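Here is a short report on one helix and the aromatic rings around it. Take a look at the model before reading on.

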Amino acid sequence: MTATHDQWLDAFDIAYRAVPGPYDLACPNCGHHRLNVVFTGDRDRLIGYAAFWCDHCLQGIVTSRTHIPEEAVIRDIHLPAEEREPKIPNFRLAT
């Protein structure tokens, strides 16, 4: 079974409130506890978007414009994409 986008959004809501982690949360797709959240945005304004994925099954979601918690891992939007750290794997988007 493949998790739905809504199932991923529910898990993201829980993870978002637990930033910067660790996330003791099972992947909605495969059940492994290997979820990651990385924000890309403006460090001064704390606005950007989030990538939320499982390192085991490489499925996840990307959010649109959101507030970035101060404790979050943030990739600087002002840097060229290839220079942003940490790297985000090429995961499959949940539909």
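## Helix H1

The expected span of a helix is 1.5 Å times one less than its number of residues. H1 has 13 residues, so it should span 18 Å. Its end C-alpha atoms are 19 Å apart, which agrees. The model is a predicted one.

## Two faces

Four residues of H1 are buried: Trp-8, Ala-11, Phe-12 and Ala-15. They sit on the same side of H1, because they cover an arc of only 105 degrees around the axis. These buried residues of H1 pack against strand E1 (35-42), E2 and strand E3 (59-62).

The face turned away from the buried side carries exposed residues. They are Asp-6, Asp-10 and Arg-17.

## Aromatic pairs

The whole structure holds five aromatic pairs. One of them joins Phe-12 and Tyr-16. The pair is tilted, with 5.8 Å centre to centre and 50 degrees between the planes. Both residues lie in helix H1 (residues 5-17), four residues apart, about one turn of the helix. Phe-12 counts as buried, at 9% relative accessibility. Tyr-16 counts as partly exposed, at 24%.

Phe-12 also pairs with Phe-52. Their ring centres are 5.5 Å apart and their planes stand at 65 degrees, so this pair is edge-to-face. The pair links distant parts of the chain: Phe-12 is in helix H1, while Phe-52 is in strand E2 (residues 47-54), 40 residues apart. Both Phe-12 and Phe-52 are buried.

## The cluster

Ring pairs link five residues into a cluster: Trp-8, Phe-12, Tyr-16, Phe-39 and Phe-52.

Key:
Residues numbered from 1 in each chain as written. Predicted model: local features only at pLDDT ≥ 70, side-chain atom pairs only at ≥ 80, totals over all residues. Heavy atoms only, no water. Phe/Tyr/Trp six-rings, centres within 6.5 Å; stacked < 30°, edge-to-face > 60°. Helix = DSSP H or I, 4+ residues; strand = E, 2+ residues; numbered from the N terminus. Buried < 20%, exposed > 50% of the residue type's maximum accessible area, 1.4 Å probe, protein only. Arc of directions from axis to C-beta. Contact = heavy atoms within 4.5 Å.
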